[in-house]
Amino acid sequence: MLTLDKIYHASHILKKVIRPTDLIYAPNICPDSNIYLKTENLQVTGSFKVRGAYYKISQLSEEEKAKGVIACSAGNHAQGVALAAAKNKIPSLICLPDGAPISKVEATKSYGAQICLVDGVYDDAYEKALELQKEQGYTFIHPFDDEDVIAGQGTIGLELLDQLPDMDAIIVPIGGGGLISGIAYAIKSLSPHIKVYGVQATGAPSMFHSLECGERKCLSNVSTIADGIAVKEPGEHTFDLCRHYVDEIVTVTDDEISTAILTLIEQQKLIAEGAGAVSVAAALFHKVPIEGKKVVCLVSGGNIDVTILSRVIKRGLLKSGRSCSLNIELLDKPGQLKGVSRIIADLGGNVIAIHHERASENSDINGCYLRVVLETRNFEHIEQIKSALTDAGYTLSN
(Lines give C-alpha, C1' and ligand atoms only; values in the text may rest on other atoms or scores of the structure.)
Protein backbone atom coordinates (compact mmCIF):
# COMPACT_ATOMS: atom_id res chain seq x y z
CA MET A 1 0.00 0.00 0.00
CA LEU A 2 1.30 3.46 -0.93
CA THR A 3 2.04 5.61 2.11
CA LEU A 4 3.91 8.81 2.87
CA ASP A 5 6.35 6.76 4.95
CA LYS A 6 7.16 4.69 1.87
CA ILE A 7 7.83 7.83 -0.19
CA TYR A 8 10.07 9.25 2.56
CA HIS A 9 11.87 5.92 2.74
CA ALA A 10 12.36 6.01 -1.04
CA SER A 11 13.78 9.52 -0.73
CA HIS A 12 16.33 8.27 1.80
CA ILE A 13 17.33 5.27 -0.33
CA LEU A 14 17.68 7.39 -3.48
CA LYS A 15 20.00 10.00 -1.96
CA LYS A 16 23.06 7.99 -2.94
CA VAL A 17 21.90 7.43 -6.53
CA ILE A 18 20.00 10.38 -7.97
CA ARG A 19 20.63 14.09 -8.09
CA PRO A 20 18.04 16.48 -6.60
CA THR A 21 17.19 18.32 -9.80
CA ASP A 22 17.08 22.11 -9.98
CA LEU A 23 13.93 24.19 -10.05
CA ILE A 24 14.43 26.96 -12.61
CA TYR A 25 12.35 30.15 -12.80
CA ALA A 26 11.15 30.62 -16.40
CA PRO A 27 9.19 33.91 -16.59
CA ASN A 28 8.96 34.00 -20.39
CA ILE A 29 7.22 30.65 -20.83
CA CYS A 30 3.85 32.08 -19.88
CA PRO A 31 4.09 35.80 -18.98
CA ASP A 32 0.74 35.89 -17.13
CA SER A 33 1.92 33.14 -14.73
CA ASN A 34 5.00 32.51 -12.61
CA ILE A 35 6.39 29.35 -14.21
CA TYR A 36 9.12 27.18 -12.70
CA LEU A 37 10.69 24.18 -14.44
CA LYS A 38 11.53 21.02 -12.47
CA THR A 39 14.41 19.73 -14.57
CA GLU A 40 14.17 15.94 -14.39
CA ASN A 41 15.54 15.98 -17.95
CA LEU A 42 18.88 16.63 -16.20
CA GLN A 43 18.43 13.64 -13.89
CA VAL A 44 20.80 10.64 -13.97
CA THR A 45 19.92 8.71 -17.18
CA GLY A 46 18.13 11.84 -18.45
CA SER A 47 14.75 11.05 -16.90
CA PHE A 48 12.83 10.73 -13.62
CA LYS A 49 12.38 6.99 -14.25
CA VAL A 50 15.54 6.00 -12.36
CA ARG A 51 13.81 7.04 -9.12
CA GLY A 52 11.07 4.42 -9.24
CA ALA A 53 13.20 1.74 -10.86
CA TYR A 54 16.01 1.99 -8.31
CA TYR A 55 13.70 2.06 -5.30
CA LYS A 56 11.77 -0.98 -6.55
CA ILE A 57 14.94 -3.00 -7.15
CA SER A 58 16.38 -1.94 -3.79
CA GLN A 59 13.37 -3.54 -2.08
CA LEU A 60 13.72 -6.96 -3.75
CA SER A 61 14.75 -9.99 -1.70
CA GLU A 62 18.15 -11.56 -2.28
CA GLU A 63 16.39 -14.51 -3.94
CA GLU A 64 14.58 -12.18 -6.36
CA LYS A 65 17.79 -10.29 -7.13
CA ALA A 66 19.60 -13.53 -7.89
CA LYS A 67 17.07 -14.37 -10.62
CA GLY A 68 17.59 -11.01 -12.32
CA VAL A 69 15.01 -8.46 -13.44
CA ILE A 70 13.03 -7.85 -16.60
CA ALA A 71 11.24 -4.70 -17.73
CA CYS A 72 9.48 -3.20 -20.72
CA SER A 73 9.79 0.39 -21.78
CA ALA A 74 9.68 2.97 -24.54
CA GLY A 75 13.17 3.90 -23.36
CA ASN A 76 13.48 5.88 -20.14
CA HIS A 77 12.29 3.18 -17.71
CA ALA A 78 14.64 0.82 -19.53
CA GLN A 79 17.63 3.00 -18.71
CA GLY A 80 16.49 3.42 -15.10
CA VAL A 81 16.14 -0.35 -14.62
CA ALA A 82 19.44 -1.04 -16.38
CA LEU A 83 21.33 1.43 -14.17
CA ALA A 84 19.61 0.23 -10.98
CA ALA A 85 20.34 -3.40 -11.83
CA ALA A 86 23.98 -2.61 -12.56
CA LYS A 87 24.40 -0.76 -9.25
CA ASN A 88 22.85 -3.73 -7.43
CA LYS A 89 25.06 -6.12 -9.43
CA ILE A 90 22.17 -8.13 -10.88
CA PRO A 91 21.39 -9.03 -14.54
CA SER A 92 18.63 -7.22 -16.45
CA LEU A 93 16.68 -7.88 -19.66
CA ILE A 94 14.70 -5.04 -21.23
CA CYS A 95 11.91 -5.43 -23.80
CA LEU A 96 11.54 -2.31 -25.95
CA PRO A 97 9.15 -1.51 -28.82
CA ASP A 98 11.08 -1.66 -32.09
CA GLY A 99 10.18 1.97 -32.78
CA ALA A 100 12.01 3.25 -29.69
CA PRO A 101 14.59 5.94 -30.55
CA ILE A 102 17.99 4.45 -31.34
CA SER A 103 19.61 6.74 -28.79
CA LYS A 104 17.47 5.21 -26.01
CA VAL A 105 18.22 1.65 -27.13
CA GLU A 106 21.96 2.30 -27.22
CA ALA A 107 21.91 4.13 -23.88
CA THR A 108 20.13 1.16 -22.27
CA LYS A 109 22.76 -1.20 -23.64
CA SER A 110 25.49 1.06 -22.27
CA TYR A 111 24.25 0.44 -18.70
CA GLY A 112 24.80 -3.30 -19.18
CA ALA A 113 21.27 -4.54 -19.93
CA GLN A 114 20.32 -7.15 -22.50
CA ILE A 115 17.82 -5.87 -25.08
CA CYS A 116 14.81 -7.58 -26.68
CA LEU A 117 13.16 -5.50 -29.43
CA VAL A 118 9.43 -6.19 -29.91
CA ASP A 119 7.21 -5.31 -32.88
CA GLY A 120 4.63 -2.64 -31.97
CA VAL A 121 4.32 -0.14 -29.12
CA TYR A 122 4.85 -0.18 -25.35
CA ASP A 123 1.92 -2.49 -24.66
CA ASP A 124 3.29 -5.12 -27.05
CA ALA A 125 6.65 -4.95 -25.28
CA TYR A 126 4.79 -5.38 -21.99
CA GLU A 127 3.14 -8.62 -23.15
CA LYS A 128 6.48 -10.00 -24.34
CA ALA A 129 8.13 -9.14 -21.01
CA LEU A 130 5.43 -11.01 -19.08
CA GLU A 131 5.89 -14.01 -21.36
CA LEU A 132 9.65 -14.06 -20.79
CA GLN A 133 9.20 -13.53 -17.05
CA LYS A 134 7.14 -16.73 -16.78
CA GLU A 135 9.63 -18.67 -18.88
CA GLN A 136 12.82 -17.53 -17.14
CA GLY A 137 11.72 -16.60 -13.60
CA TYR A 138 12.82 -12.96 -13.72
CA THR A 139 11.36 -10.36 -11.36
CA PHE A 140 9.25 -7.98 -13.40
CA ILE A 141 9.83 -4.25 -12.79
CA HIS A 142 6.66 -2.51 -13.91
CA PRO A 143 7.23 0.97 -15.38
CA PHE A 144 4.29 2.57 -13.56
CA ASP A 145 1.70 0.26 -11.97
CA ASP A 146 3.70 -0.73 -8.88
CA GLU A 147 3.53 0.95 -5.47
CA ASP A 148 7.31 0.91 -4.92
CA VAL A 149 7.85 2.46 -8.36
CA ILE A 150 5.14 5.05 -7.65
CA ALA A 151 6.75 5.83 -4.28
CA GLY A 152 10.08 6.43 -6.01
CA GLN A 153 8.49 8.88 -8.45
CA GLY A 154 6.68 10.53 -5.52
CA THR A 155 10.03 11.72 -4.14
CA ILE A 156 9.81 14.52 -6.73
CA GLY A 157 6.78 15.82 -4.83
CA LEU A 158 8.78 15.95 -1.60
CA GLU A 159 11.61 17.82 -3.35
CA LEU A 160 9.18 20.36 -4.78
CA LEU A 161 7.58 21.06 -1.42
CA ASP A 162 11.06 21.87 -0.10
CA GLN A 163 12.07 23.91 -3.16
CA LEU A 164 8.83 25.89 -3.63
CA PRO A 165 6.51 25.40 -0.64
CA ASP A 166 4.18 28.23 -1.74
CA MET A 167 3.50 26.86 -5.24
CA ASP A 168 -0.12 26.97 -6.37
CA ALA A 169 -0.03 24.16 -8.92
CA ILE A 170 2.08 21.58 -10.69
CA ILE A 171 1.67 20.30 -14.26
CA VAL A 172 2.81 16.71 -14.80
CA PRO A 173 3.11 14.49 -17.93
CA ILE A 174 1.05 11.29 -17.93
CA GLY A 175 1.70 8.04 -19.78
CA GLY A 176 0.72 5.11 -17.60
CA GLY A 177 0.35 7.42 -14.62
CA GLY A 178 3.13 6.36 -12.23
CA LEU A 179 4.80 9.77 -12.13
CA ILE A 180 1.70 11.85 -11.46
CA SER A 181 0.32 9.26 -9.02
CA GLY A 182 3.37 9.48 -6.76
CA ILE A 183 3.66 13.26 -7.00
CA ALA A 184 -0.07 13.86 -6.49
CA TYR A 185 -0.21 11.52 -3.48
CA ALA A 186 2.79 13.18 -1.82
CA ILE A 187 1.67 16.75 -2.49
CA LYS A 188 -2.02 16.29 -1.68
CA SER A 189 -1.15 14.44 1.55
CA LEU A 190 1.04 17.32 2.75
CA SER A 191 -0.46 20.38 1.00
CA PRO A 192 -3.95 19.52 -0.27
CA HIS A 193 -4.61 23.06 -1.57
CA ILE A 194 -1.97 22.68 -4.33
CA LYS A 195 -3.54 21.84 -7.68
CA VAL A 196 -2.16 18.87 -9.61
CA TYR A 197 -2.79 18.91 -13.37
CA GLY A 198 -1.93 16.06 -15.72
CA VAL A 199 -1.14 16.27 -19.44
CA GLN A 200 -1.37 13.65 -22.16
CA ALA A 201 -0.79 13.76 -25.91
CA THR A 202 -3.98 13.90 -27.99
CA GLY A 203 -2.69 10.84 -29.83
CA ALA A 204 -2.42 8.79 -26.62
CA PRO A 205 -5.10 9.99 -24.16
CA SER A 206 -5.53 6.76 -22.20
CA MET A 207 -5.81 8.22 -18.67
CA PHE A 208 -7.80 11.21 -19.91
CA HIS A 209 -10.31 8.92 -21.62
CA SER A 210 -10.45 6.46 -18.73
CA LEU A 211 -11.24 9.14 -16.14
CA GLU A 212 -13.90 10.58 -18.44
CA CYS A 213 -15.52 7.13 -18.64
CA GLY A 214 -15.07 6.38 -14.94
CA GLU A 215 -13.20 3.14 -15.61
CA ARG A 216 -9.94 1.99 -17.18
CA LYS A 217 -10.12 1.92 -20.96
CA CYS A 218 -7.65 0.51 -23.46
CA LEU A 219 -7.08 2.53 -26.62
CA SER A 220 -6.98 0.61 -29.91
CA ASN A 221 -3.85 2.52 -30.99
CA VAL A 222 -1.63 5.43 -30.00
CA SER A 223 0.33 7.83 -32.19
CA THR A 224 2.41 10.76 -30.92
CA ILE A 225 5.92 12.21 -31.06
CA ALA A 226 5.86 11.90 -27.25
CA ASP A 227 6.91 8.24 -27.35
CA GLY A 228 7.60 8.18 -23.61
CA ILE A 229 3.88 8.59 -22.82
CA ALA A 230 2.45 6.53 -25.70
CA VAL A 231 0.56 4.07 -23.45
CA LYS A 232 -2.68 2.37 -24.50
CA GLU A 233 -4.03 1.63 -21.01
CA PRO A 234 -3.39 3.19 -17.57
CA GLY A 235 -2.48 1.02 -14.60
CA GLU A 236 -4.93 -0.23 -12.00
CA HIS A 237 -3.14 1.50 -9.12
CA THR A 238 -2.41 4.64 -11.11
CA PHE A 239 -5.99 4.99 -12.31
CA ASP A 240 -7.30 4.88 -8.74
CA LEU A 241 -4.67 7.34 -7.49
CA CYS A 242 -5.33 9.77 -10.34
CA ARG A 243 -9.06 9.57 -9.73
CA HIS A 244 -8.58 10.55 -6.09
CA TYR A 245 -5.65 12.98 -6.16
CA VAL A 246 -5.41 14.64 -9.61
CA ASP A 247 -7.50 17.77 -10.17
CA GLU A 248 -7.72 17.73 -13.96
CA ILE A 249 -6.17 16.10 -17.04
CA VAL A 250 -5.82 17.88 -20.38
CA THR A 251 -4.33 16.99 -23.77
CA VAL A 252 -1.89 18.71 -26.13
CA THR A 253 -1.26 18.15 -29.85
CA ASP A 254 2.02 17.11 -31.44
CA ASP A 255 2.35 20.61 -32.90
CA GLU A 256 1.94 22.12 -29.44
CA ILE A 257 4.50 19.68 -28.05
CA SER A 258 6.94 20.64 -30.83
CA THR A 259 6.49 24.31 -30.00
CA ALA A 260 7.18 23.58 -26.32
CA ILE A 261 10.40 21.70 -27.17
CA LEU A 262 11.54 24.62 -29.31
CA THR A 263 10.62 27.13 -26.58
CA LEU A 264 12.66 25.24 -23.99
CA ILE A 265 15.66 25.16 -26.31
CA GLU A 266 15.52 28.85 -27.21
CA GLN A 267 14.44 30.40 -23.92
CA GLN A 268 15.89 28.04 -21.31
CA LYS A 269 18.70 26.24 -23.17
CA LEU A 270 17.13 22.94 -22.13
CA ILE A 271 16.62 19.81 -24.25
CA ALA A 272 13.36 17.98 -23.55
CA GLU A 273 11.89 14.95 -25.25
CA GLY A 274 8.26 15.05 -26.36
CA ALA A 275 6.93 13.43 -23.20
CA GLY A 276 8.99 15.81 -21.07
CA ALA A 277 7.68 18.91 -22.84
CA VAL A 278 3.93 18.28 -22.60
CA SER A 279 3.71 20.10 -19.26
CA VAL A 280 5.25 23.20 -20.83
CA ALA A 281 2.92 22.86 -23.83
CA ALA A 282 -0.08 22.87 -21.49
CA ALA A 283 1.13 26.15 -19.95
CA LEU A 284 2.09 27.73 -23.28
CA PHE A 285 -1.30 27.04 -24.85
CA HIS A 286 -3.38 27.87 -21.77
CA LYS A 287 -4.81 24.38 -21.30
CA VAL A 288 -5.08 24.76 -17.51
CA PRO A 289 -6.23 27.72 -15.35
CA ILE A 290 -2.88 29.06 -14.07
CA GLU A 291 -3.12 32.81 -14.71
CA GLY A 292 -1.47 34.72 -11.89
CA LYS A 293 -0.41 31.48 -10.18
CA LYS A 294 2.97 30.13 -9.10
CA VAL A 295 3.23 26.95 -11.16
CA VAL A 296 5.76 24.14 -11.63
CA CYS A 297 6.04 22.45 -15.03
CA LEU A 298 7.71 19.08 -14.66
CA VAL A 299 10.14 18.50 -17.54
CA SER A 300 10.25 14.75 -17.05
CA GLY A 301 12.92 13.69 -19.55
CA GLY A 302 15.45 14.85 -22.11
CA ASN A 303 16.24 11.68 -24.07
CA ILE A 304 15.15 12.82 -27.51
CA ASP A 305 16.65 11.24 -30.62
CA VAL A 306 18.64 13.88 -32.51
CA THR A 307 17.11 12.78 -35.82
CA ILE A 308 13.64 13.40 -34.41
CA LEU A 309 14.77 16.68 -32.86
CA SER A 310 15.44 18.29 -36.25
CA ARG A 311 11.92 17.39 -37.44
CA VAL A 312 10.40 18.59 -34.19
CA ILE A 313 12.20 21.93 -34.48
CA LYS A 314 10.90 22.34 -38.03
CA ARG A 315 7.31 21.72 -36.87
CA GLY A 316 7.80 24.03 -33.93
CA LEU A 317 9.01 26.81 -36.23
CA LEU A 318 5.96 26.40 -38.46
CA LYS A 319 3.56 26.29 -35.51
CA SER A 320 5.01 29.48 -34.00
CA GLY A 321 5.15 31.48 -37.25
CA ARG A 322 8.95 31.35 -37.41
CA SER A 323 8.91 29.66 -40.81
CA CYS A 324 6.50 29.67 -43.74
CA SER A 325 6.15 28.71 -47.40
CA LEU A 326 4.64 31.03 -50.02
CA ASN A 327 3.41 29.99 -53.46
CA ILE A 328 3.40 32.96 -55.82
CA GLU A 329 1.95 33.07 -59.35
CA LEU A 330 4.13 35.11 -61.69
CA LEU A 331 4.36 36.10 -65.33
CA ASP A 332 7.32 34.42 -66.99
CA LYS A 333 9.35 37.53 -67.77
CA PRO A 334 12.59 39.11 -66.51
CA GLY A 335 12.58 40.93 -63.16
CA GLN A 336 9.76 39.04 -61.45
CA LEU A 337 12.00 37.21 -58.98
CA LYS A 338 13.89 40.43 -58.27
CA GLY A 339 10.64 42.22 -57.37
CA VAL A 340 9.53 39.45 -55.00
CA SER A 341 12.95 39.28 -53.34
CA ARG A 342 13.06 43.04 -52.78
CA ILE A 343 9.70 43.06 -50.99
CA ILE A 344 10.67 40.14 -48.73
CA ALA A 345 14.09 41.63 -47.95
CA ASP A 346 12.71 45.10 -47.20
CA LEU A 347 10.34 43.56 -44.64
CA GLY A 348 13.09 41.53 -42.94
CA GLY A 349 12.15 38.07 -44.19
CA ASN A 350 15.00 35.63 -44.83
CA VAL A 351 14.71 33.35 -47.88
CA ILE A 352 16.15 29.89 -47.11
CA ALA A 353 14.84 27.94 -50.12
CA ILE A 354 13.35 28.75 -53.51
CA HIS A 355 11.83 26.73 -56.35
CA HIS A 356 10.86 28.19 -59.74
CA GLU A 357 8.56 26.25 -62.07
CA ARG A 358 7.26 27.20 -65.50
CA ALA A 359 3.57 26.97 -66.30
CA SER A 360 1.71 23.72 -65.82
CA GLU A 361 -1.17 22.47 -67.96
CA ASN A 362 -3.69 24.17 -65.66
CA SER A 363 -2.17 27.65 -65.72
CA ASP A 364 -1.75 30.55 -68.12
CA ILE A 365 0.67 29.77 -70.96
CA ASN A 366 2.83 32.77 -69.93
CA GLY A 367 2.66 31.96 -66.24
CA CYS A 368 5.08 30.41 -63.77
CA TYR A 369 5.12 29.54 -60.08
CA LEU A 370 7.56 30.54 -57.39
CA ARG A 371 7.71 28.60 -54.12
CA VAL A 372 9.63 30.48 -51.42
CA VAL A 373 10.49 29.16 -47.93
CA LEU A 374 11.11 31.96 -45.42
CA GLU A 375 12.39 32.50 -41.92
CA THR A 376 10.00 34.93 -40.23
CA ARG A 377 9.47 36.49 -36.80
CA ASN A 378 5.86 35.48 -36.13
CA PHE A 379 2.45 35.12 -37.79
CA GLU A 380 1.99 38.90 -37.91
CA HIS A 381 5.24 39.17 -39.85
CA ILE A 382 4.03 36.52 -42.33
CA GLU A 383 0.78 38.43 -42.92
CA GLN A 384 2.75 41.65 -43.41
CA ILE A 385 4.84 40.03 -46.16
CA LYS A 386 1.78 38.48 -47.81
CA SER A 387 -0.04 41.82 -47.81
CA ALA A 388 2.94 43.63 -49.33
CA LEU A 389 3.18 41.03 -52.11
CA THR A 390 -0.51 41.22 -52.97
CA ASP A 391 -0.44 45.04 -52.82
CA ALA A 392 2.38 44.93 -55.36
CA GLY A 393 0.16 42.92 -57.71
CA TYR A 394 1.43 39.40 -57.06
CA THR A 395 -1.03 36.52 -56.64
CA LEU A 396 -0.57 34.04 -53.79
CA SER A 397 -1.94 30.52 -54.10
CA ASN A 398 -2.26 27.58 -51.71
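How many cavities of 30 Å³ or more does a search of the whole structure find? I noted before anything else that this is a predicted model, and then recorded that the search finds two such cavities.

**Entry 1, the largest cavity.** I looked up the volume of the largest cavity, which comes to about 300 Å³. Its lining is made by 29 residues, and those closest to its centre are Phe-48, Lys-49, Gly-175, Gly-228 and Ile-229. I then checked which elements give two or more residues to this lining, and found α4 (76–87) and α8 (178–190).

**Entry 2, the four-stranded sheet.** I traced an open sheet of four strands in the order β5-β4-β3-β6, and noted that the pairing is parallel. Its edges are β5 (114–118) and β6 (139–140), each of which pairs on one side only. At the β6 end I looked at the contact with strand β3 (residues 69–72), where two bridges join the parallel strands, and I wrote down Val-69, whose bridge partner in β6 is Thr-139. Turning to what packs on this sheet, I found helix α5 (residues 102–110), which touches β4 (92–97) and β5, and whose direction makes about 155° with that of β5.

Which residues of α5 are buried? I listed Lys-104, Val-105, Ala-107 and Thr-108. Seen down the axis of α5, these buried residues fall within an arc of 165°, so they line one face of the helix. I kept in mind that an α-helix has 3.6 residues a turn, so residues three or four places apart point the same way. The buried residues of α5 pack against α4, β4 and β5, and I noted that α4 also gives two or more residues to the lining of the largest cavity. On the face of α5 turned away from the buried side, I found the exposed residues Ile-102 and Ser-110. Just after the helix, Gly-112 takes a positive phi of about 100°.

Which residues of helix α14 (residues 336–346) are buried? My list reads Gln-336, Gly-339, Val-340, Ile-343 and Ile-344. Seen down the axis of α14, they fall within an arc of 130°, so they line one face of the helix. I then asked what covers the buried residues of α14, and the elements include β11 (323–331), β12 (350–358), β13 (367–375) and α15 (379–391). On the other side of α14, I recorded Lys-338, Ala-345 and Asp-346 as exposed. Last, I checked what follows α14, and noted Gly-348 with a positive phi near 85°.

Definitions and conventions:
Residues are numbered from 1 along each chain as its sequence is written. This is a predicted model: local features need pLDDT of at least 70, side-chain atom pairs count only at pLDDT 80 or more; totals for chains, interfaces and linings use all residues. Side-chain values use heavy atoms; hydrogens and water are left out. Two strands pair if DSSP finds at least two bridges between them. Contact means heavy atoms within 4.5 Å. Axes are lines fitted to C-alpha atoms, for helices over the stretch in contact, and angles run from 0 to 180 degrees between N-to-C directions. Buried means under 20% relative accessible area, exposed over 50%, partly exposed in between (1.4 Å probe, protein chains only). The arc is that of the directions from the helix axis to the C-beta atoms. On a 1 Å grid over the protein atoms alone, a cavity is a set of points where a 1.4 Å probe fits but cannot get out, and a pocket is an open set with protein on both sides within 12 Å along at least five of seven lines; lining residues have an atom within 4 Å of a point. Grid points are joined across faces, edges and corners, and a volume is the space filled by probe spheres set on the points.
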